[in-house]
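Here is a chain to study with its sequence beside it. The questions that follow ask what lies behind the words used for it, and each answer goes back to a definition.

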Amino acid sequence: MAESMVSSFWGPVTSTTELCEENYAHSSYIAEFYNTISNIPCIILALIGLINALRQRFEKRFSILHISNMILAIGNIVFHATLQHVVQQSDETPMLWEMLLYLYVLYSPDWHYRSTMPTFLCLYAAGFAATHLVLRVDVLFKVQYILLCLLCVPRMYKYYIHTKDSGAKRIAKFYVATLLLGCLSWLVDHFFCKKLSIWYINPQGHAWWHVFMGFNSYLVNTFLMFCRAQQLGWNPRIAHLFGLFPYVRIQKTKVQ
């Protein structure tokens, strides 16, 4: 979007991606105000998930997953607050890294040669980071990110059809719903920006994308924690914090 009359603390915009929000409309320190603060729910939800994972001693992969969600949200805050290209890259690269982490969580239980999987994923992550830093091709990032997301779909569907618990299935359905609503918000913001910009109130579609994806990340992590607890025989069940936020409660056997 075009610059507003408010001066910019961070200097000229250098990012190759700008969203449908007027720059520096509310503060000289925040380029895109609503796109910045809309990441806060993701941080709060990831913190709730992390506390639950640590308190019940889930595998470290889930703690790392929740921490990754928080790091991504913080990185997104910095990017939308500054709109600097170097920050854009430091936001996009962890996004792809997190998808690699999801692939590990989804596929590692049935991977026959388990040591090869993390090695390959780490090499892939390092190779992408170096390539993205040197080439600076946005299409390269977007294509790889979409492909990694699609690779997660068959495994998520397999987990869903093998899960009999109605509460866990409901979480999976909400996960799909938040994903669809988030994508719809993103698409409307992207393709109808010129029309939305002349409205008296901009609906801030990209900010809603952040909110929906914050809930989406929390829900998918909760669903995966439930499925993994089932695999390990921990007798998981779905409970609700404050009657709203679902989380997994487990009961490990004395042997474990």
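**Reading the terms**

Cys 152 touches Met 99, Tyr 102, Leu 103 and Leu 106, when residues up to four places away in sequence are not counted, and contact here means heavy atoms within 4.5 Å. This is a predicted model, in which local features need pLDDT of at least 70 and side-chain atom pairs count only at pLDDT 80 or more, while totals for chains, interfaces and linings use all residues. Residues are numbered from 1 along each chain as its sequence is written, and side-chain values use heavy atoms, with hydrogens and water left out.

Q: Why is Cys 152 called buried?
A: Buried means under 20% relative accessible area, exposed means over 50%, and partly exposed lies in between, with a 1.4 Å probe and protein chains only. Cys 152 has a relative accessible area of 8%, so the residue is buried. Cys 152 is found in helix α6, where helices (H or I, at least four residues) and strands (E, at least two) are DSSP runs numbered from the N terminus.

Q: Is Thr 178 buried or exposed, and why?
A: Thr 178 counts as buried because its relative accessibility is 12%. Thr 178 lies in helix α7, residues 166-191, and, leaving aside neighbours within four places in sequence, is in contact with Phe 212, Phe 215, Asn 216 and Leu 219.

Q: What makes the pair Cys 20 and Cys 193 a disulfide?
A: A disulfide is a pair of cysteine sulfur atoms within 2.5 Å, and the S to S distance of Cys 20 and Cys 193 is 2.4 Å. The pair links distant parts of the chain, with Cys 20 in the segment before α1 (33-37) and Cys 193 in helix α8 (residues 193-197), 173 residues apart. The structure holds one disulfide.

Q: Why is the disulfide of Cys 20 and Cys 193 given a hand, and which one?
A: The torsion about the S-S bond is about 95°, so the disulfide is right-handed.

Q: How do you know whether Cys 20 and Cys 193 are buried or exposed?
A: Cys 20 has 1% relative accessibility and therefore counts as buried, and Cys 193, with a relative accessible area of 18%, is buried as well.

Q: What is said of Cys 122 and Cys 183, and where is the nearest cysteine sulfur of each?
A: Cys 122 is in no disulfide, and the nearest cysteine sulfur, that of Cys 152, is 16 Å away. Cys 122 counts as exposed because its relative accessibility is 53%. Cys 183 is in no disulfide either, the nearest cysteine sulfur, that of Cys 149, being 8.8 Å away. At 30% relative accessibility, Cys 183 therefore counts as partly exposed.

Q: Why is Leu 147 called neither buried nor exposed?
A: Leu 147, which lies in helix α6, has 49% relative accessibility, so the residue counts as partly exposed.

Q: What makes β1 and β2 a pair of strands?
A: Two strands pair if DSSP finds at least two bridges between them, and five bridges join strand β1 (residues 237-241) to strand β2 (residues 245-249), which run antiparallel. Arg 237 stands opposite Arg 249 in β2. The hairpin of β1 and β2 has three residues between the strands, and in this hairpin Phe 242 takes a positive phi near 60°.
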